[in-house]
Every structure is written in structure tokens, then in C-alpha cells.
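Colleague: Please take a close look at one part of this model for me. I would like the cavity and what surrounds it.

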Amino acid sequence: MKYPSTLQQAIRYFSHFENCQRFMIEMRWPDGKVRCPTCKSENVTYLENARLWKCYAKHPRAKFSLKVGTIFEDSSIGLDKWLPAMWLIANCKNGISSYEMARGLGVTQKTAWFMDHRIRLAMQDRSLAQFDGNEVEADETFIGGLARNMHKDKKIKITATGGAGKAIVMGLLDRHSAKVRLTHVPNTQRDTLQPLVRRYVRGGSYVFTDAFMGYHGLDQDYVHNVIDHAERYVDGNVHTNKIENFWSLLKRSLKGTYVSVEPFHLFRYLDEQAFRYNARKANDGERFIDVASSVLGRRLTYSELTGKTESATEPLPA
């Protein structure tokens, strides 16, 4: 099957239900054999008028659609809107706001916001594998508004300078694969930052950081190179410029497109930006296929998204 390679082609192609159906079947079952998501049986038949499949095994949920078991489950929005929405989020460099998505798809802003977060779940990298390369940059950044722009009531709560009152993001960037991993962390203490380095970076690798005290002690397991930004920003191969360049892309997205991001949801936006950065060398169609192939087995309900259930908490760092 030849997939669309531009947004215009995608909108035209997925405007037909048959094309959406064929596409989702190939994403879910590459061998073309539709299986029951409940019992995995191939003894199913297609009910054309209802656009559902029926499984002949004995269990409560005999009928199922292509959305069951994916991020689309229980959504009344058709795949003709879901798939173009996925294309936009996967390929808009600075992200796309829920208001813009709502206008483009003809849905409410609340619906578009919910759709966006479900697609971000498909973008989440759940791999715990260590980086392939042996040169990794580590750094942290603070996400939040400037105190001078805050209301008086919020300013009073800030009793310190610098990153006080802001969310903290720790990042690792592998120079070999040019891929980044991001984690929303509660603080910048050594016991918080260094375990993340040890989880994703192989022992003996070169680790490049600034002179922040939280990274002191890494030389026990790594070749730790430190650049003191009070003196210089580059010393030969010793620098953190690549991860700092990524921070500029992240903040451009958060401040310019999304404007206001609650710390509770920050990790979802980190997943989105990390996905686009890690797949930046692919073309638009390839990025879209990458997200579409990850929708299976991932579910996000509205109650989870709004924090009404325990599963809404941030997952382990990925």
C-alpha cells in the first residue's frame, strides 16, 4: 500500500472510510488477517452495514471495531478526522494548539484537546534501552513564566530566585544517534539526576555536563567532562550545545504555541517534542506512520487525563 506523503494527500485519502479501514488493518495486522482484540481468534466476520467485526468465540464483547484496543477507543470522532489530526501533531515543528486543531477539524476545543493528548500517548517512547553511542550530553532546564509577568498573588508565593516555582525537565542527548530523552523531575538534587544518567547511559561512556553540583560524582562510572559556563561555552569537544539547542525548540513550542501548560500534563508535551526531534530526519509520511503504528495497546480516558483516576500519574521516565 502506498501511503500519503503530504498533508493534502492525507486529507483526501482519509476522507474515504474504505481507505481509513484499509490503513488501520495494515497498521494493526500487517499480515492482513483481522483478529479479535479480546481472544485473538481469526474466526471473525465483517458486518458491512454496521462497519464492525463479529467474533464467533464465546465472550461478552463479540463485536468490535478498528478502534477497540487503540487510542481511538470509545471515540465518536471518525478516523477521517483522527488520522489528519495525527498527521498535524506529528509534523508541525512547533506543535499545534487545540484551538487551531478544533477549527481545522470542525470539532470543539475540548474534543481537540482530548484528541491531542491521546495522540501524544502514541508518541511516548516506552523503551528503557540505553543509548547506542558513547557520548551523551546531560542538562536540565526550568519551565515556567517570568515572575514579572505573574499576578501579585502568585509573586508572593515565590520566595527564591532562578527556577523557584517552575517545573524542572532533565534531558539526555546521545550525540551518536542524535536522540533525546526527557523526564519531568521534582528537583535538581544529585539523587534525582544521576540515577537517570545511569539508567540510560552505558558505563564508561563520555558524559558532558555543565558545572552544576548535581552531576558531581559521575566520574566514578563515566568519563565525565565538565564545561564551566562562567568561563566558556565550548572547549574542543566538551560542550552541552546540542541539548541546549533542543531546549530552545522545546520552549518555542511551549511558550509560542501552547502558551500555558500545567505541570500535571508537562510530560505529555515532552513526549511530543522528543518524538518530533528524534524523528526529524524522517519525512512527514514516515513520522505519521511511526505514530500510527504505535496506537495499539494504549488507552487514555478523559477521567485519567483530568486526574480523576490514579493511572493519570506520570509514567516511569522513557
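Modeller: Here is the cavity, then the helix beside it, then the chain as a whole.

This is a predicted model, where local features need pLDDT of at least 70, side-chain atom pairs count only at pLDDT 80 or more, and totals for chains, interfaces and linings use all residues. Residues are numbered from 1 along each chain as its sequence is written, and side-chain values use heavy atoms, with hydrogens and water left out.

Start with the search rule. On a 1 Å grid over the protein atoms alone, a cavity is a set of points where a 1.4 Å probe fits but cannot get out. Grid points are joined across faces, edges and corners, and a volume is the space filled by probe spheres set on the points. The count is 1 cavity of 30 Å³ or more. The largest cavity holds about 30 Å³.

Now its lining, meaning residues with an atom within 4 Å of a point. His-117, Arg-120, Leu-121, Gln-124, Phe-267, Arg-268 and Asp-271 form it. Two helices, α5 (109-123) and α9 (266-278), each give at least two lining residues. Helices here are DSSP runs of H or I with at least four residues, numbered from the N terminus.

Take α5 next. Its 15 residues reach 21 Å from first C-alpha to last, close to the expected 21 Å. That expectation is 1.5 Å times one less than the number of residues. An α-helix has 3.6 residues a turn, so residues three or four places apart point the same way.

α5 is mostly covered, with 11 of its 15 residues buried; buried means under 20% relative accessible area with a 1.4 Å probe, protein chains only. Among the buried ones are His-117, Arg-120 and Leu-121, and these three also line the cavity. Phe-114, Met-115 and Ile-119 are buried too. The cover over the buried residues of α5 includes α3 (79-91), α4 (98-105), α8 (241-258), α9, α10 (284-292) and α11 (302-305).

Finally, the setting. The protein chain has 11 helices and 8 strands, the strands being DSSP runs of E with at least two residues. Of its 318 residues, 45% count as buried. Its C-alpha trace spans about 70 × 50 × 40 Å along the principal axes.

How values were computed. 1 Å grid on protein atoms, 1.4 Å probe; cavity = no way out; pocket = protein on both sides within 12 Å on 5 of 7 lines; lining within 4 Å. Buried < 20%, exposed > 50% of the residue type's maximum accessible area, 1.4 Å probe, protein only. Contact = heavy atoms within 4.5 Å.
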